[in-house]
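Please examine the sequence and the structure shown here.

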Amino acid sequence: MSHTVADLHRGEQGTIESLSFDEIPLALMEMGCLPGKQVTLVQAAPMKDPMYIHVNGSHFAIRRETAERILLTKRLCDEF
Amino acid sequence: MSSKKINIALVGNPNTGKTSLFNQLTGMTQKVGNYPGITVDKKQGGCKLPDGTLAQITDLPGTYSINPNSLDESIVLETLLDTDSKDYPDLVVVVAEVENIKRNLFLFTQVQDLKIPAILVINMADQMERKGISIDLKKLKEALKTEIVLISARKKEGIEDLKQAIVNYQEVPREIPFQISGKIDVAYFNELKNSLKEFPLYKSWLLLTQKQEASFVSKTSRRILASFKKDPKKVKKYQHKETIYRYKFINDILKRTYLVDPSKAKDLRSRLDKVLTHRVFGYVIFTGILLLVFQSVFDWASVPMDWIDGFFSNLSKTVKHSLPEGVLTNLISEGIIPGIGGIVIFIPQIAILFLFVAILEETGYMSRVVFLMDKIMRRYGMSGKSVIPLISGTACAIPAIMATRNIAGWKDRLITILVTPFTTCSARLPVYAIIIALIIPETRVFGLFSLQGLVLMALYILGFAAALLAAYVLNKVLKVESKTFFIVEMPNYKLPSVKNIFFEVVEKTKAFVLGAGKIILAISIVLWFLASNGNRDFKNATQQVTEQFSESEISEEALDQKIASYKLEHSYIGVMGKLIEPAIAPLGYDWKIGIALISSFAAREVFVGTLSTIYSVGSDDEGTIKQRMAAEINPVTQKKRFNFPAGMSLMVFYAFAMQCMGTLAIVKKETKSWKWPMLQLVGMGLLAYVSALITFVLLK
């Protein structure tokens, strides 16, 4: 199983490796969600859906189904 | 050009203070209109520049990119591409915020790529020092080949500098620092450029990447564009590459020009979000805020409402006594004045509700609500963004339905539009308020909560529950294809600006008064006419009644009242009310309430106005409407007409029925079909009738 934004714990960071969508939503990239960028999980709603993330200077919320498709490289730091 | 007026468009991300800047530049000259065919607000205003020329400023909807994701964002695309439009900008002012400059520059480079003169405004510059941000303006200007103005719209700082920069806009270099053609598939983009020489390359690219064809482009051009679209995968890939290269270009510039000292960054956001978006406290706080809002609206508005009620009642009396007797005096005192009173009376409620909604949006809290509620709303086929229309719907469904335009998926949006009229709008409040006052005692529960307030809250909950239930059913039944993608920015928390909130509240209240108000006034006059004219029985009323009571001993005053009530019963409106009485009698209503129901199908609020017209025509007692309704007796049961079962049944009817012509019109406009408003009218009407019937039967 690959490591994705949906696997992050609150406060945890990761680096985006790629976006694995059949059709990548352009809006996600335009908000700054690009490969190579660091992403932090700021807060998650119950059942981790939606997820509130911080990436490339932007703070925004995405649904879990989207988060599951943002693949990360190995974990950088762990608060827990 | 003989006219020296220049067109300026404000473009920027949401939450950058673009509207604050617009308010500062235009002040009271701003006007809100409509874009043709759709209901997106078009905000324009004038601004006098230092050299004496007049600038027309258009505040375009906030967007993160020229590529639109929703209806209002597509306005930005269209305005910037349709060169023949009268609103085509001579200059675009891109408004960025000091903390989010990177994403704002993304939009800026897109605008520049369209070869429209563009200058950059960096707002909230006053917070730079506090947040540890420093910008090398000179280098940034050179790198972006543009003029940059630092402003602080809230504090009115830098506004004059911006005006001067606008005057000098023709000196802005036309060079484009980032060009799409140089980086990706050079041959492809060169071919595109040469095939459509009359357009800037980026315009052609934007036109060909959109799902919808632009109506303002000639057929020949559209055909050429279509030939470049043959490989949609390639087009997508190039769009992604464009985004990556654009960000790379911006990152390289910002590395040299933009510095943040992390030790100075005070993180108010993360501290607040820990609580406000918490999986437990977040919901507790949101519920608390909702309760506070609704309780305040009811408490605060009741004083001015009583005052307005009394004022119009007195005015009516004064006019009737001071003007010479006649048809015109009657029209004014019994038709027009109560009609206007029926509009003015809920200005306090609408204004207070919009005040709260505006504050929640301005502070950035509303985005957190969207985050908290998305999962729940999704179960009902809506999106977290549907919460804003549903809350706004408690003021008025018309602006609420317009607020659905930022919901990306068509199915989410359609369901939200269809169920929003179930939320308790302020037009229902006067109906509820008057019935609650009549049938619910003025006691306190546990010595704390007013019972009347609790009943009102239950009605609000009933409205929301009906909306969710209807959404659930619609979600199962509707076969609408739509792809949804949910992405919601969580902006920084801000103190709300008094000026922005003022304009917001005035604009929404004005829209209600002018839009729905016209219908109410017109109906009031028609009703007055129908109530003061009638068939032969009506004309012979005096004779008939006098003959009937000639044997019995009756005072002259009582006789007059009998005549008046006989007249009302035989007026045109009485005939109409009686015609539907058999249908509504099972719900506990008489023909007088029937009249009010008929007139309410134009707009609910007319209920109160209608009854006030009916009773002021029907008797000479000039007490307020409430007293008159309380005195109504059901001739069959000899009990009060507005007793508990009938009152509850009536409130349930009003909770569910689609009785608003203004809303039907806006739904037609938004869905571009009569199918959906008709579905609302029939579906909600049936639900209202059946539920009211059940309520009455159970409580009787």
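Domain bounds come from an automatic or database domain assignment. For chain B, this assignment gives domain 1 (6-260), domain 2 (281-477) and domain 3 (518-699). Taken over C-alpha atoms, the centres of domain 1 and domain 3 of chain B are separated by 55 Å.

The model is predicted: local features need pLDDT of at least 70, side-chain atom pairs count only at pLDDT 80 or more, and totals for chains, interfaces and linings use all residues. Residues are numbered from 1 along each chain as its sequence is written, while chains are lettered from A and ligands numbered from 1 in the order in which they are written.

Helices (H or I, at least four residues) and strands (E, at least two) are DSSP runs, numbered from the N terminus. In chain B, helix H11 (residues 281-322) packs with helix H12 (residues 327-344) at an angle of about 170°, their axes being 9 Å apart. Such axes are lines fitted to C-alpha atoms, for helices over the stretch in contact, and angles run from 0 to 180 degrees between N-to-C directions.

Chain A brings 27 residues into contact with 28 residues of chain B; contact requires C-beta atoms, placed from the backbone, to lie within 7 Å. Strand E4 (58-62) of chain A is among the elements giving two or more residues to this side. E4(A) pairs with strand E12 (residues 487-489) of chain B in the antiparallel sense over three bridges, where pairing needs at least two bridges found by DSSP. Within E12(B), B:Val488 is the bridge partner of A:Ala61.

Technical notes. Contact = placed C-beta atoms within 7 Å.
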